[in-house]
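This report considers a disulfide and a helix.

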Amino acid sequence: MRNQLNKNLLLSLFSLLLLAACATSPTGRTQLEFFPSNQMAQMGETAYRQIKQETPVSQDPAINRYVRCVAEAVTAAAPPPQSGGQWKVTVFKADQPNAFALPGGYIGIHTGLLSVAENADQLAAVIGHEIGHVTAQHGNARLSTQYATQAGLQLVQTLAGTPNSATGQQLMALLGLGTQVGIILPFSRAQESEADILGLRYMARAGFDPRQSIQLWKNMMQTGGPQPLEFLSTHPADQSRIRHLEQDLPEALDLYQQARDQGQRPECKLETRQ
Ligand SMILES: [Zn+2]
């Protein structure tokens, strides 16, 4: 009897904890956000330092000017990083087309991306998408889910004693065990769609043509080589992604038109050396 009471109390506490950590994302999805923004920013900074140790920074002034021009226009049309402060842009000298954004406001662009994102609008689409993951706190949600799963596992052990008991199995099912959530695994489909929607908004508000986002993903799909693109392993480009982008295009085109009417016409050009 006493044991049962303890179980109920633990379950209630766990549910309360989950409820308290539930937050609404910018497009109205509910997700777990356990971690305060300064802690997320610290994790972002640590990851960023590590990348900087492993990958050389590009010193090419023309490429840096171009990437900064696009990134500054897009970030000016997006919310600041949750921790406050500015978005920081680094161009990495790496042939593998890739881009990322981290909590704390770190944006990284590989020089190799410029062979896939063939103009400023397409580069803006990538940057918009990546910072969309940060403003929607997808990293926080992913870590929180992992945290909840681990906390849940301990709870299962406390509750059930043996993992084979009926209670244990029920809880395992409730927690959706088997889902491995790790830092290098791709974001979920829902998170990818959300980053696409936010990215379209940010680029359009900055005065970049949102139609170019579709061409960008088509380029991604067509870029072949001995190895599949690393970017594609975490950002699957397929027909369903393009269909969703097309659905969201009318709203983005309205924003684009408004921005252009208000004089948002970023002039970012890559001056190639002769
Ligand atoms: Zn993504």
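Is the link of C69 and C268 left-handed or right-handed?

The model discussed here is predicted. In it, the link of C69 and C268 is left-handed, with -75° about the S-S bond. The pair brings together distant parts of the chain: C69 belongs to helix α3 (residues 61–76), while C268 lies in the segment after α10 (239–261), and 199 residues set them apart. Their sulfur atoms are 2.0 Å from S to S. Because a disulfide requires the two cysteine sulfur atoms to be within 2.5 Å, C69 and C268 qualify as one. By this rule, the count for the model is 1 disulfide.

The two cysteines can also be described by their accessible area. C69 has a relative accessible area of 27%, so it is partly exposed. C268 has a relative accessible area of 9%, under the 20% limit, and is therefore buried.

## Helix α2: length

Helix α2 covers residues 37–54, which makes 18 residues.

Which residues of α2 are buried? They are M40, A41, G44 and Y48. These residues cover an arc of only 95° around the axis, and therefore they lie on the same side of α2. An α-helix has 3.6 residues a turn, so residues three or four places apart point the same way.

On the other side of α2, the exposed residues are Q42, T46, R49, Q53 and E54.

Technical notes. Residues are numbered from 1 along each chain as its sequence is written. This is a predicted model: local features need pLDDT of at least 70, side-chain atom pairs count only at pLDDT 80 or more; totals for chains, interfaces and linings use all residues. Side-chain values use heavy atoms; hydrogens and water are left out. Helices (H or I, at least four residues) and strands (E, at least two) are DSSP runs, numbered from the N terminus. Buried means under 20% relative accessible area, exposed over 50%, partly exposed in between (1.4 Å probe, protein chains only). The expected span of a helix is 1.5 Å times one less than its number of residues. The arc is that of the directions from the helix axis to the C-beta atoms.
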